[in-house]
Amino acid sequence: MDFSIKAFDTKNTLAAAKSGCVAVAVFENKKLSEAAKALDLNGDIGAAVKSGDISGKPGSTLLLRGVGGVAAARVLLVGMGADEAITEKSFAGAVSAALKTFASLGAQDAIIAFPLENVKARDLNWALRSIVLAANEGEFRTDAQKSKKDPAPTGVRKLAIAVPAATPQLKATLAQAQAIANGMNLTKELGNLSPNVCTPTYLANTARKLAGDFGFDVEVLDRKQLEALKMGSFLSVTRGSEEPPKFIVLKHNGGKKNDAPVVLVGKGITFDTGGISLKPGANMDEMKYDMCGAGSVLGTFRAIGEMGLKLNVVGIVAACENMPSGRATKPGDIVTAMNGTTIEILNTDAEGRLILADALTYAERFKPAAVVDIATLTGACIVALGHHTSGLFTRHDDAHDALADELLDAGKQAGDVAWRFPIGENYSEQLKSNFADLANIGTPGGASITAACFLENFTRNYTWAHLDIAGTAWKSGAAKGATGRPVPLLTTFLLNRV
């Protein structure tokens, strides 16, 4: 869908705007929004509302044709609840209802003229982003690997969003929202691809394409180079697979030459059987989503490349499969990480932290301003937070508290929220091993926290945070598929640093 913003005032009234449809808000107390009043030149809209043909409840709709004095062919009345209390939920319901109606119209273009500035604790920028991302979500297709494609989208293809004034800031917000949507689409596409297609090599080729499209620097390290770097922790995971591992480094040099970069590190397990600690067969197909951390790094780079973000950002993706075979790592094996730490592998299904350990050590060479790793790391995070909220973990001191606040605030701004968990010595004690420096799993209890504590051992020389997106990166059931999260959170976090 093509998006634009359009200002309307007394000289350029909404009623005079030619369009296939104009959507305006009405409320439960039979009051009209300011935009609805601007179209009610002959009293048609007021009469429809007073008659009870539309309740005004969030998401209720009434389509009118040939409204007197209005140039648009149709006027769509959309309920938005109580006018004095537009909540995020009621606004989202109204947007969803309008977009659903637009998809079924014979019109090719439409205008949304909602009270964008009246949502509680939100501003025009938030509302604008919400509309773009909702429209993008509604149009996203999952038929890339189908021999017969799903029907092409119909209805409205051009959407203008009415604003009080088309300021440079709002134009920038619109462009950023479209870039975030495109980044989310890439993340979803990668997550949804079958694991025989979306291999570590496929992720590396995707990174190379992004580099070509947006001018990033790219480097892909292969097994021999990883061996030379002594990445024994990462390589222990890939031993059982025929697919070669790939260690991908992308650089967006948008800031000043000597500015320290923000480093994003993504877990890229393109299929996770659990290795010798084999997972149950039920729903194992969903383990193709275990690369969603990597996918979110690539999607975020897609977004910041389109924006031309004026910030230095490095993306690191550690990509491999976790497969069982005669060569596979066994429970009880001890491996040595890049930083010299020895790790006793008690469970080969706790593999994400093993590849991240070496990736986080590698990140140190960039002398980063901050490092954020993103991983579908633990099922325990789903138990704790469900599928609504990502888990955030970091040390407890001034620098790390500030980084945590940045990420939490960015999540709130973007509607892609996270919740902070504690970490510390009491939890780290659970990772003790009789035979190595660390065990790769902890004693029972607090499994998401002990996983973060494991990672913390490889981040001591810079400011770091960990996002566990196991519950938010994909949906199961009838709506099964990747969500594109946390691309909005990450992109907003980076935007706020410019």
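Predicted model: local features only at pLDDT ≥ 70, side-chain atom pairs only at ≥ 80, totals over all residues.
## Helix α3

Residues are numbered from 1 along each chain as its sequence is written, and side-chain values use heavy atoms, with hydrogens and water left out.

Helices (H or I, at least four residues) and strands (E, at least two) are DSSP runs, numbered from the N terminus. Helix α3 has 16 residues. From first C-alpha to last, α3 reaches 23 Å, close to the expected 22 Å. That expected span is 1.5 Å times one less than the number of residues. Contact here means heavy atoms within 4.5 Å.

## Strand β5 and its partners

4 of the 5 residues of β5 are buried, so β5 is largely enclosed by the rest of the structure. Two strands pair if DSSP finds at least two bridges between them. β2 and β5 run parallel, joined by 3 bridges. Val24 has Ala113 in β5 as its bridge partner. β5 also pairs with β6 in the parallel sense, over 4 bridges. There, Ala110 stands opposite Leu159 in β6.

## A three-stranded sheet

Another sheet is open and has 3 strands, in the order β11-β12-β16, with mixed pairing. Its edge strands are β11 (334-336) and β16 (438-439), and each pairs on one side only. β11 and β12 (residues 342-344) are antiparallel, with 3 bridges between them. Val335 faces Ile343 of β12.

## Salt bridges

Side chains of opposite charge can pair when their charged atoms come close. A salt bridge here is a side-chain nitrogen of Lys or Arg within 4 Å of a carboxyl oxygen of Asp or Glu. By this rule the model has 23 salt bridges. One of them joins Arg122 and Glu88, with the closest N and O atoms 2.8 Å apart. Arg122 lies in the loop between β5 (109-113) and α4 (124-139), and Glu88 in helix α3 (residues 88-103), so the pair ties together parts that are 34 residues apart in sequence. Glu88 is partly exposed, at 37% relative accessible area.

Arg302 and Glu306 also form a salt bridge, at 2.6 Å from N to O. They are 4 residues apart in helix α9, so about one helical turn separates them. Arg302 is partly exposed at 21% relative accessibility. Glu306 is partly exposed as well, at 33%.

## The annotated binding site

The "binding site" annotation in the unreviewed UniProt entry covers Lys267, Asp272, Asp290 and Glu351. They span 85 residues in sequence, yet no two of their C-alpha atoms are more than 11.5 Å apart, so they gather at one spot. From this set, Glu351 belongs to the lining of the largest cavity. UniProt positions are given in the numbering used here, feature names are shortened, and annotations may be inferred rather than shown by experiment. On a 1 Å grid over the protein atoms alone, a cavity is a set of points where a 1.4 Å probe fits but cannot get out, and a pocket is an open set with protein on both sides within 12 Å along at least five of seven lines; lining residues have an atom within 4 Å of a point.

Lys267, Asp290 and Glu351 are linked in a network of salt bridges. Within it, Lys267 and Glu351 meet at 3.3 Å, N to O. Lys267 lies in strand β9 and Glu351 in the loop between β12 and α10, so the pair ties together parts that are 84 residues apart in sequence. Both Lys267 and Glu351 are buried. The relative accessibility of Lys267 is 2%.

## The annotated active site

The "active site" annotation, again from the unreviewed UniProt entry, covers Lys279 and Arg353. The lining of the second largest pocket takes in Lys279 and Arg353.

Lys279 sits in the loop between β9 (262-272) and α9 (292-307). Beyond its neighbours within four places in sequence, Lys279 contacts Asp272, Thr273, Gly274, Met284, Met287 and Asp349. Arg353 belongs to helix α10 (residues 352-363). Arg353 is buried, at 7% relative accessible area. Not counting residues up to four places away in sequence, Arg353 touches Leu377, Thr378, Asn440, Ile441, Ala451, Phe454 and Leu455.

How values were computed. Buried < 20%, exposed > 50% of the residue type's maximum accessible area, 1.4 Å probe, protein only.
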